[in-house]
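Me: Can you walk me through this model? I'd like the contacts and the surface.

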Amino acid sequence: MIGVNRLSSASGLQNLDLIDLLSERHTLVRRISEKAWNDQSDIYISNSEWYIMARIYKKRPTIAYVTKNVDISRQAIHKFMKNLAAKGLVEISNAENNRKEKCIQLTALGEECYEKNAALKEQFENKIAEKIGAEQLKILKALLKLDWGIE
């Protein structure tokens, strides 16, 4: 049976359409990436938290900006921000020109975790390149970066 966690082999992918193929691969690589991090770290970071951290890495955006630019509900964003702050990964402060607005940035620990995770993802990407070929991976990434004109 084909399912998010039940895909036993590449042969199970043969009859899927593009949307389901993307979904299956996305779920698989996210699960592997999350496991790689959690196997080597005492700090559990969910995929949604990584998604937010990627949006604020080396920046100091407002929480409102992050909320507008990620596909997560406003309420969930605030929950994730609190969780990240409790783990010591982000700090939240008042915006310089508007006391109502809050800014968020990664702490030194947050940046260290983000960079270590980036290295783990690079290793994973290299494994994919070994399996499908470096040129095929380059083409795949280029295709995914194209404007598909579907929004």
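Reply: Burial terms to start: buried means under 20% relative accessible area, exposed means over 50%, and partly exposed is in between (1.4 Å probe, protein chains only). The model is predicted, so local features need pLDDT of at least 70 and side-chain atom pairs count only at pLDDT 80 or more, while totals for chains, interfaces and linings use all residues. Residues are numbered from 1 along each chain as its sequence is written, and side-chain values use heavy atoms, with hydrogens and water left out.

Me: Where does K116 fall on that scale, then?

Reply: K116 is partly exposed, because its relative accessibility is 41%. Its side chain forms a salt bridge with E112 (3.1 Å, N to O). That term means a side-chain nitrogen of Lys or Arg within 4 Å of a carboxyl oxygen of Asp or Glu.

Me: Which element are K116 and E112 in?

Reply: Both lie in helix 5, 4 residues apart, about one turn of the helix. Helices (H or I, at least four residues) and strands (E, at least two) are DSSP runs, numbered from the N terminus. E112 is partly exposed as well, at 40% relative accessible area.

Me: How many salt bridges in the whole structure?

Reply: The search finds 5. One of them joins the side chains of E49 and K87 (2.8 Å, N to O). E49 is in helix 2 and K87 is in the loop between helix 4 and strand 1 (90–94), so this pair ties together parts 38 residues apart in sequence.

Me: Is E49 buried or exposed?

Reply: Buried, at 3% relative accessibility. K87 is partly exposed, with 27% relative accessible area.

Me: What does K58 pair with?

Reply: E111, in a salt bridge of 3.2 Å, N to O. This pair links distant parts of the chain: K58 sits in the loop between helix 2 and helix 3, E111 in helix 5, 53 residues apart. K58 is exposed at 56% relative accessibility, while E111 is partly exposed at 22%.

Me: Switching to aromatics. How many pairs?

Reply: The whole structure has 2 aromatic pairs. Rings of Phe, Tyr and Trp (its six-membered ring) pair if their centres lie within 6.5 Å; planes under 30 degrees apart are stacked, over 60 edge-to-face, the rest tilted. W37 and W50 have ring centres 5.1 Å apart and planes at 85 degrees, so they are edge-to-face. W37 is in helix 1 (residues 18–40) and W50 in helix 2 (residues 47–56), so parts 13 residues apart in sequence are tied together. W37 and W50 are both buried.

Me: And what about Y57 and Y114?

Reply: Their centres are 4.2 Å apart and their planes at 25 degrees, so the pair is stacked. Y57 is in the loop between helix 2 and helix 3 (63–69) and Y114 in helix 5 (residues 108–132), so the pair ties together parts 57 residues apart in sequence. Y114 is buried, at 17% relative accessible area.

Me: OK, the core. Which residues touch the most other members?

Reply: In the largest nonpolar core, which has 20 residues, they are I52, M53, V66 and I77. Such a core is a set of buried Ala, Val, Leu, Ile, Met, Phe, Trp, Tyr and Cys residues joined through side-chain atoms within 4.5 Å. Helix 2, helix 3, helix 4 (74–86), strand 2 (102–106) and helix 5 each give two or more residues.

Me: What does M53 touch?

Reply: Leaving out residues up to four places away in sequence, M53 touches I45, L84, L89, L106, G110 and Y114. Contact means heavy atoms within 4.5 Å.

Me: And what is I56 in contact with?

Reply: P61, V66, V90, I104, Q105 and L106, leaving aside neighbours within four places in sequence. I56 is in helix 2 and buried, at 0% relative accessibility.

Me: Last one, the surface. Which residues form the nonpolar patch?

Reply: Among them are L18, I19, L22, I132, L143 and W148, and the patch has about 1,100 Å² of accessible area together. Patches take residues with over 30% relative accessible area and no salt bridge: like charges are joined within 9 Å, nonpolar side chains (Val, Leu, Ile, Met, Phe, Trp, Tyr) within 5 Å. Accessible areas come from the Shrake-Rupley method with a 1.4 Å probe; for residues, only the protein chains shown count as cover. Helix 6 gives the most, with 4 residues.

Me: Where is W148?

Reply: In the segment after helix 6. W148 is partly exposed, at 40% relative accessibility.
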